Structure formats: structure tokens, C-alpha cells
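Please keep in mind while reading that the model is predicted.

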Amino acid sequence: MILLADSGSTKTDWCVVDNGQAVLTIKTKGTNPFFQTEEEIAQEINSALVPELPSTDIEDVFFYGAGCTPEKLPILEAALRKHLHITGRCEVATDMLAAARSLCGHRPGIACILGTGSNSCAYDGEKIIKNVSPLGFILGDEGSGAVLGKTLVGDVLKNQLPQDIVKAFHDEYQLTNADIIDRVYRQKLPNRFLAGFVPFLAKHIDNAAVRQLVVDGFRRFLVRNVKQYDHWNQLLIGFNGSIAYYFRQPLEEALKAEGMTLGKIIQAPMEGLIAYHTNQE
């Protein structure tokens, strides 16, 4: 029996796999060792995960999560081992590796995440061999929900979009310029605030100017990130995340314009991780 985990800062999806089959899924709160101590993580595992498991005897655990950088790995491993009897491997890795293994399996490729933020990597079939730093939504995160939202807001406030789109934006959100500036420059989590405008883009994606805004955002992501990887024009390029999943057609248009070949697009990596760890992909 093995245990897989796909964790973000808000929720963690767990899957118990027995004899190559997913037999149980469990949801708990998110885990991020940048913001939580070992004791806090262990307490959540003990209170929310352990009671749902058929047994705490686990052969292998593979935990993929936000904030799981090399220096933080010991915190997660210690928390997992505190309440689980792990007889084999206990591997903790980044959400980027989860995306790569889910999208590419055991084959080399380029894996990308397009969600609230964005990220990418070159992958050799087992591990990440190169990663262009995403840099966050101010310096980077091209193609992400936060940056697409930032571009939309800036274009609305500077009248760079058709007037019917500008009017529709103001009618829907009822935000003054001062409201927006306050939320972006003075309040917490401005990236989430900006990503909150993505549904407006989806609603108006048939408008030529809105569609071009999204396609251009994806092309910037591909040029500034993916084109830095060797053999980008020969490898399949896969995408994980809600932005890629719901904006598939503009993403395909951007890939074609940049001479790239699309691999898989998935909303979440768990199904691919099960296949990877049971050698079914």
C-alpha cells in the first residue's frame, strides 16, 4: 500500500493506492512548510488523515507540495513519520515535480503549471533538470491567473480595450480606481485579488481583444520560460492547472504561434501520479 499526496497551501488531496489501484481518496487542509511548523503539520496529519486511513502501516509515501524546497523537506518527512509507520520510501518533492511526473510520466518533456501563478521545468523522465525561476506576479509569472488579471485591470483602467468591455468590467465589479490600487498595493494577497478577474476573461473570451490579451499572455510565458529549455521545439510541452485547463484553445493558439508541440493538459496531477508510481503510464 502506498500513499500519494498533492498539496497546496489551502488543501491536500491524498490517495491510497493498493495493488496498483486507487482505493481511497482523502482531503485535508493544505500544507506549506514555509508557513507551518513540523508540529502543526503533524497535528493535521494525526487529526484529519490518520482516522480516515485503513491502516497507518504504509509501504511508500510520496508527498508533493507547495513550499517543499530542499531545505524544507526534513520538516515534512519528520511530520509524516511521526504518525505513519512507513516501511519503505518517504519522498517529499515540489508541486512542479508532481506536474512533471503526471504530465510526462517516465519520458523526457517540458512541464508547465498555469494557475494563480506559473512555473515550468525541463524533465528527464524522473527528475527536474532545469527550472526557470517564475519570480512571482510582479517580476514574472507570465500566463498565470494573477498576471492575466493584472493585464486586464491595467488595460481597462488605461482604456486599452474596447469600450463595451471596459463598461462590462465596471458594471460587473463596481470598483473605483482607488479601490483597485488599495487592493493591489496595500492589502494582503494581491495576486489572488488579480487572479479573481479571470472569470471575466473567460466570459468574454469570444471578444477579439480579450482573446488576444490571453493569447499574448501565454506567448510571453512560452518565450520567457519554455524557450530557455534545450530541445523545446522537439519535446512535448504539457500543462497542469486551472488556467491551462479552462483556456485550452487560446493556449493551443499560442503554442502554434511559437512553433511548439502540445502534450497533455490536466487540471490536477493525481491521476497521472497514480499511473507514474504504479508504472501504468
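Helices H4, H5 (145-157) and H7 (177-185) each supply at least two residues of the lining of the second largest pocket, and this pocket has a volume of about 210 Å³. The points below, which rest on a predicted model, take up the pocket, the cavity and a surface patch in turn.

**Second largest pocket**
- The lining consists of Phe137, Ile138, Lys150, Val153, Gly154, Leu157, Ile180, Ile181, Val184, Tyr185 and Leu194.
- By residue class, the lining of this pocket divides into nine nonpolar residues, one polar and one charged.

**Largest cavity**
- When the whole structure is searched, one cavity of 30 Å³ or more is found, and the volume of the largest cavity is about 40 Å³.
- Trp14, Thr28, Thr31, Ile41, Glu44, Ile45 and Phe63 line the largest cavity, and these lining residues comprise four nonpolar, two polar and one charged.
- Helix H1 (residues 38-49) gives the most to the lining of the largest cavity, contributing three residues.

**Nonpolar surface patch**
- Leu135, Ile138 and Leu139 make a nonpolar surface patch of about 350 Å², and Ile138 is also among the residues that line the second largest pocket.
- Leu135 is found in the loop that runs between strand S10 (128-130) and helix H4 (136-139).
- Leu135 counts as exposed because its relative accessibility is 52%, and the cut-off for exposed is over 50%.

Notes. Residues are numbered from 1 along each chain as its sequence is written. This is a predicted model: local features need pLDDT of at least 70, side-chain atom pairs count only at pLDDT 80 or more; totals for chains, interfaces and linings use all residues. Side-chain values use heavy atoms; hydrogens and water are left out. Patches are made of residues with over 30% relative accessible area and no salt bridge: like charges are joined within 9 Å, nonpolar side chains (Val, Leu, Ile, Met, Phe, Trp, Tyr) within 5 Å. Accessible areas come from the Shrake-Rupley method with a 1.4 Å probe; for residues, only the protein chains shown count as cover. A salt bridge is a side-chain nitrogen of Lys or Arg within 4 Å of a carboxyl oxygen of Asp or Glu. Helices (H or I, at least four residues) and strands (E, at least two) are DSSP runs, numbered from the N terminus. Buried means under 20% relative accessible area, exposed over 50%, partly exposed in between (1.4 Å probe, protein chains only). On a 1 Å grid over the protein atoms alone, a cavity is a set of points where a 1.4 Å probe fits but cannot get out, and a pocket is an open set with protein on both sides within 12 Å along at least five of seven lines; lining residues have an atom within 4 Å of a point. Grid points are joined across faces, edges and corners, and a volume is the space filled by probe spheres set on the points. Ala, Val, Leu, Ile, Met, Phe, Trp, Tyr, Cys and Pro count as nonpolar, Asp, Glu, Lys and Arg as charged, and the others, Gly among them, as polar.
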